[in-house]
Every structure is written in C-alpha cells, then in structure tokens.
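Student: I would like to learn how to read a structural model carefully, one feature at a time. Could you take me through the terms as they come up?

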Amino acid sequence: MDERILQVAELADIRSSPITDLKEPDKKPAWMWAVLEGGINNTANEEVARKFRQRAKILVALGDCAVFGGVPALRNFCGVQEALQRAYVEAESNEAGSQIPNDPELATMTKTRAIHEWCRWITNVPGCPPDADIIFYVLSELAQGRKPELKNDLLHWD
C-alpha cells in the first residue's frame, strides 16, 4: 500500500495489526475493527486472536493463511508430529542428529485453523501476499464505516 496507508490513517486510529507489527492488542475495548493475519496453529496464535475478538467489533482475515489456513494447514493431512519430524529431522538439508526444537512458538495444536474456523469476521482478504489495492480498498471502506464488497473484478490474478 506504500504511502496510501497514510490515507487510511487519516480515517482510522491504527493500533494493533500486521501493519504496526504489535503482537499485543491495545487494551482499549470496543475498537471498530481489527486485522489478523496467519492461521491459528499454536496457543500463542489462539490467545492473540481471542484478545482481538474481545476488543474489536469486526475482524478482517488478511492473507491466505488467515483466510484458508495457507501452507501451514497442509500439515493437517499428515499430522503435526509427522510434519515437524520431516522438517526438522528428516529433511535432506538438516545436519545429522538434528532434533525438533523445544519452542512454544512451534505449531502445538493438532490442526491449523483459518480465522473463520475459530471465530466470525466480517470479511477476508485472500492472497499471498494480498493485493495492495484490495487491502487499501478494504481498510478504507471499513475506516469510512462501510462493509467492503469484494467482487471478482477487484481480484488481480496476473
């Protein structure tokens, strides 16, 4: 969106989003809307989504991971342990003796979920990454109190 974010900022008070990179949502309740990116695949993701849901009236799922689960959701077909084993131990690029890291940020849930599987939102913005024109349209519509209408002519697949 480049400098167009300034146009949105004139209409809205941007607090916590992928744009500001704040991981802890502002405690001020009853925001008008919030933007979430990424799927929910660990307790940290779930906690952030829960806080955003409590503090915002409208959620926007931004990007394929938030909208569909994205590439991380592919492990739903084989299981978390099998995916971690392949990625950290068995992959050809790993050193001999590699182990799965003991890190709370790793996927710990049995299934990666899209935002809509966890809670309701008003709209989603698909894409990896989402098209900048569509992000601008959605944010500016929300900032002006309107529900964005995403139509096929707004999606650019080239």
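Student: What should I know about the model before reading any feature?

Tutor: This is a predicted model, in which local features need pLDDT of at least 70 and side-chain atom pairs count only at pLDDT 80 or more, whereas totals for chains, interfaces and linings use all residues. Residues are numbered from 1 along each chain as its sequence is written, and side-chain values use heavy atoms, with hydrogens and water left out.

Student: How many helices and strands are there in the protein chain?

Tutor: Helices (H or I, at least four residues) and strands (E, at least two) are DSSP runs, numbered from the N terminus. The protein chain has 6 helices and 3 strands, and read from the N terminus their order is α-β-α-β-α-α-α-β-α.

Student: What share of the residues of the protein chain counts as buried?

Tutor: Buried means under 20% relative accessible area, exposed means over 50%, and partly exposed is in between, using a 1.4 Å probe and protein chains only. Of the 158 residues in the protein chain, 37% count as buried.

Student: Is Thr112 buried or exposed, and where does Thr112 lie?

Tutor: Thr112 sits in the loop between helix H4 (80-90) and helix H5 (115-118), and with a relative accessible area of 2% it is buried. To see what surrounds this residue, take contact to mean heavy atoms within 4.5 Å. With neighbours within four places in sequence set aside, Thr112 is in contact with Ile40, Asn41, Gly69, Pro72, Ala73, Arg75 and Asn76. For one of these, Pro72, the backbone oxygen is 3.5 Å from a polar atom of the Thr112 side chain.

Student: How many salt bridges does the count come to?

Tutor: A salt bridge is a side-chain nitrogen of Lys or Arg within 4 Å of a carboxyl oxygen of Asp or Glu. By this rule the count is 7 salt bridges. One of them pairs Asp133 with Arg4, whose closest N and O atoms are 2.9 Å apart. Asp133 belongs to helix H6 (residues 132-143) and Arg4 to helix H1 (residues 4-11), so this pair ties together parts that are 129 residues apart in sequence. Asp133 is partly exposed at a relative accessible area of 40%, and Arg4 is also partly exposed, at 22%.

Student: Which residue forms a salt bridge with Arg50?

Tutor: That partner is Glu47, with the closest N and O atoms 2.3 Å apart; both residues lie in helix H2 (residues 43-55), 3 residues apart, which is about one turn of the helix. Glu47 is partly exposed, with a relative accessible area of 31%, and Arg50 counts as partly exposed at 30%. Lys51 also forms a salt bridge with Glu47, the closest N and O atoms being 4.0 Å apart, and Lys51 itself is buried at 17%. Through shared partners, these salt bridges join Glu47, Arg50 and Lys51 into one network.

Student: Which residues form a nonpolar patch on the surface?

Tutor: Patches are made of residues with over 30% relative accessible area and no salt bridge, with like charges joined within 9 Å and nonpolar side chains (Val, Leu, Ile, Met, Phe, Trp, Tyr) within 5 Å. Accessible areas come from the Shrake-Rupley method with a 1.4 Å probe, and for residues only the protein chains shown count as cover. Here Val71, Leu74 and Phe77 form such a patch, with about 390 Å² of accessible area together. Leu74 is found in the loop between helix H3 (64-68) and H4, and at 52% relative accessibility it counts as exposed.

Terms used: A polar contact is a pair of N or O atoms within 3.5 Å; within protein, one must be able to donate a hydrogen and the other to accept it, and residues adjacent in sequence count only if both atoms are side-chain atoms.
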